[in-house]
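Student: Could we walk through this one together? I'd like to know what stands behind each label.

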Amino acid sequence: MAAWIWVLIPLVAIIGGFIIEYQKNKMSMMNRSRQNEEEVEDLRKLVNSLKGRIENLEAIAAGEPDDFSTGAGRGMEEIEIDESSTAEENKEEVSNLADKKRNKA
């Protein structure tokens, strides 16, 4: 009976060490996935911001409202971003800029 105790003590210590190591690894993986989710969200915000900037630059660069067409809009659909209100505002801005240029000329 006493011989079993000498066998059980090291086994419990070894198994306990494996369990503790597993829990540490599990926690570090959870932290990494949480950080990845935050990075993905930051990248989505950045893409939205860049899309708005591109739309504004296209609005400024367009001389005529008839020439205004956004080729970037088709690529953005793949990223699942839908901001049609920004596109509409930019089209109106282009129209207003074109009217001002016509009135000056």
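Tutor: Let's start with contacts, meaning heavy atoms within 4.5 Å. Of those in the protein chain between residues at least 6 apart in sequence, 74% join residues at least 24 apart. This is a predicted model, where local features need pLDDT of at least 70, side-chain atom pairs count only at pLDDT 80 or more, and totals for chains, interfaces and linings use all residues. Numbering runs from 1 along each chain as its sequence is written, and side-chain values use heavy atoms, with hydrogens and water left out.

Student: What makes up the secondary structure of the protein chain?

Tutor: Three helices and zero strands, in the order α-α-α. Helices are DSSP runs of H or I with at least four residues, strands are E runs of at least two, and numbering goes from the N terminus.

Student: Why is E37 called exposed?

Tutor: Exposed means over 50% relative accessible area, buried under 20%, and partly exposed in between (1.4 Å probe, protein chains only). E37 has 57%, so E37 counts as exposed.

Student: How much of the protein chain is buried?

Tutor: Buried residues are 13% of the 105.
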